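Hi,

Here's the structure I promised to pass along.

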Amino acid sequence: MTFEEVIGYKFKNKKYMNIALTHSSYANESKEKITHNERQEFLGDAVLSIVVSDFLFNHSHLAEGDLTKLRAAIVCEKSLYRFALKINLGKYLQLGKGEDMNGGRERPSILADAFEAVIAAIYLDGGMEPAANFILPFVKDALENEKRLSFKDYKTILQEIIQQNPEEKLSYVLVKEEGPDHDKTFEVEVHLNSNVIGKGMAGSKKEAEQFAAKEALELMGE
């Protein structure tokens, strides 16, 4: 598969894609003047932050501090490295011979930076909408696997509290699902026996359950 097929975006100007895939080590070894991806990485970082911030703001009811922590967990090098692995980004990079021989195609910092450069390439070529369309599936997947993120697992905390009373039963109920497939919003209630003790809305069911559990904990004074 071509890189465009892998990322689901066809460039009008392939210059941006080629720059995104060119590491400084390759440019430095070249006899010709070649542009590497560091400037696009800078722009991609900003675009990523805007897209993630907008999504979290519109799909959660977290306070500012929690939004900041969650965004930081999503855009950190560790997360971007995982995103890059999903599209096998290392395979398509142009690296200097030394960097290539020393495992550069698997190096987290190189892959994370290149992923941001790819974001910038899509943004420069097509604007914010296709850039967001590229980013959001990775963000939603990260939120679905929230245990990997540096973020409190409110469901586990709530479960541990409720388990102290064996007769009590905790359950999560999806009460509403709306929006198109690529931008759904889910509303979940957490029930203690038959009583609603918390509600949450988010772009994934798992995230909505976390927010419902968080609200329940706040109401309980935890």
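A quick definition before the details: a salt bridge here is a side-chain nitrogen of Lys or Arg within 4 Å of a carboxyl oxygen of Asp or Glu. Bear in mind that this is a predicted model, where local features need pLDDT of at least 70, side-chain atom pairs count only at pLDDT 80 or more, and totals for chains, interfaces and linings use all residues. Residues are numbered from 1 along each chain as its sequence is written, and side-chain values use heavy atoms, with hydrogens and water left out.

Searching the whole structure turns up nine salt bridges. One of them joins Arg-107 to Glu-99 at 2.8 Å, N to O. Arg-107 is partly exposed at 30% relative accessible area, and Glu-99 is also partly exposed, at 21% (buried means under 20%, exposed over 50%, partly exposed in between, with a 1.4 Å probe and protein chains only).

Another pairs Lys-176 with Glu-187 (3.9 Å, N to O). Lys-176 sits in strand E1 (residues 170-178) and Glu-187 in strand E2 (residues 185-192), 11 residues apart; strands are DSSP runs of E, at least two residues, and helices are runs of H or I, at least four, numbered from the N terminus. Lys-176 is partly exposed at 40%, whereas Glu-187 is buried at 15%.

Now the inside. The largest nonpolar core has 50 residues, with Phe-3 and Ile-7 among those with the most contacts inside it. Such a core is a set of buried Ala, Val, Leu, Ile, Met, Phe, Trp, Tyr and Cys residues joined through side-chain atoms within 4.5 Å. Helix H9 (residues 108-126) gives the most to this core, 10 residues.

Cheers
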